[in-house]
Amino acid sequence: MTLALTELERKRCEKALADFMARRRPLPHLHSQLDLGYKMEGQSIEIFESRPHWKDAGVRQESPVAKATFVRTQGLWKVFWMRADLKWHNYEPKAAVNTFKEFLGAVDRDEHGCFFG
């Protein structure tokens with residue numbers, strides 16, 4: 001059984017995500033064509049891109065960018081990226097980090113082109 005993030009942990013992550021989104025989101029006038037978002041579920045947080053479906057502009061599709069999962073027993077965050085096989089894989093340059101902010105830093109730098117290409 002995995003435990004969800006506590007309310008305090010969620011608030012800290014949301015604050016860090018707000019800072020990250022302020023830096024990484026496209027300009028507001030482009031949000032209808034490309035946007036960046038996130039979702040929290042249990043102990044995992046996923047960052048995704050959102051854009052209109054290529055066949056039906058009225059339908060938005062989400063493309064996963066990065067995922068962090070908190071492992072409470074180890075006190076660290078595991079870092080994942082979505083490969084072309086549409087499965088999450090460990091981010092080998094840094095498969096685990098000590099803080100959520102470290103995860104966001106790795107995604108923001110994207111030194112290996114795994115998250116944003």
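Rings of Phe, Tyr and Trp (its six-membered ring) are taken to pair if their centres lie within 6.5 Å, with planes under 30 degrees apart counted as stacked, over 60 as edge-to-face and the rest as tilted. With this definition, ring pairs link Phe70, Trp77, Phe100 and Phe103 into a cluster. The model is a predicted one, in which local features need pLDDT of at least 70 and side-chain atom pairs count only at pLDDT 80 or more, while totals for chains, interfaces and linings use all residues. Residues are numbered from 1 along each chain as its sequence is written, and side-chain values use heavy atoms, with hydrogens and water left out.

The structure holds 4 aromatic pairs. One of them, formed by Trp77 and Phe100, is tilted, at 5.0 Å centre to centre and 55° between the planes. Since Trp77 lies in strand 4 (residues 76–82) and Phe100 in helix 2, this pair ties together parts that are 23 residues apart in sequence; helices (H or I, at least four residues) and strands (E, at least two) are DSSP runs, numbered from the N terminus. Both Trp77 and Phe100 are buried, a word that stands for under 20% relative accessible area, against over 50% for exposed and partly exposed in between (1.4 Å probe, protein chains only). Tyr91 and Phe115 form another tilted pair, with 4.6 Å between centres and 40° between the planes. Here Tyr91 belongs to the loop between strand 5 (88–90) and strand 6 (96–97) and Phe115 to the segment after helix 2, so the pair ties together parts 24 residues apart in sequence. Tyr91 is buried at 3% relative accessibility, and Phe115 is buried too, at 6%.

Two rings also have a charge over them, which requires NZ of Lys or CZ of Arg within 6 Å of the ring centre and within 35 degrees of the ring normal. The charged end of Arg24 sits over the ring of Phe116, 4.0 Å from its centre, and Lys67 lies over the face of Phe80, 5.5 Å from the ring centre.

Leaving aside neighbours within four places in sequence, Glu49 is in contact (heavy atoms within 4.5 Å) with Leu34, Asp35, Leu36, Gln61, Glu62, Ser63, Val65 and Phe116. Glu49 has a relative accessible area of 19%, and therefore counts as buried.
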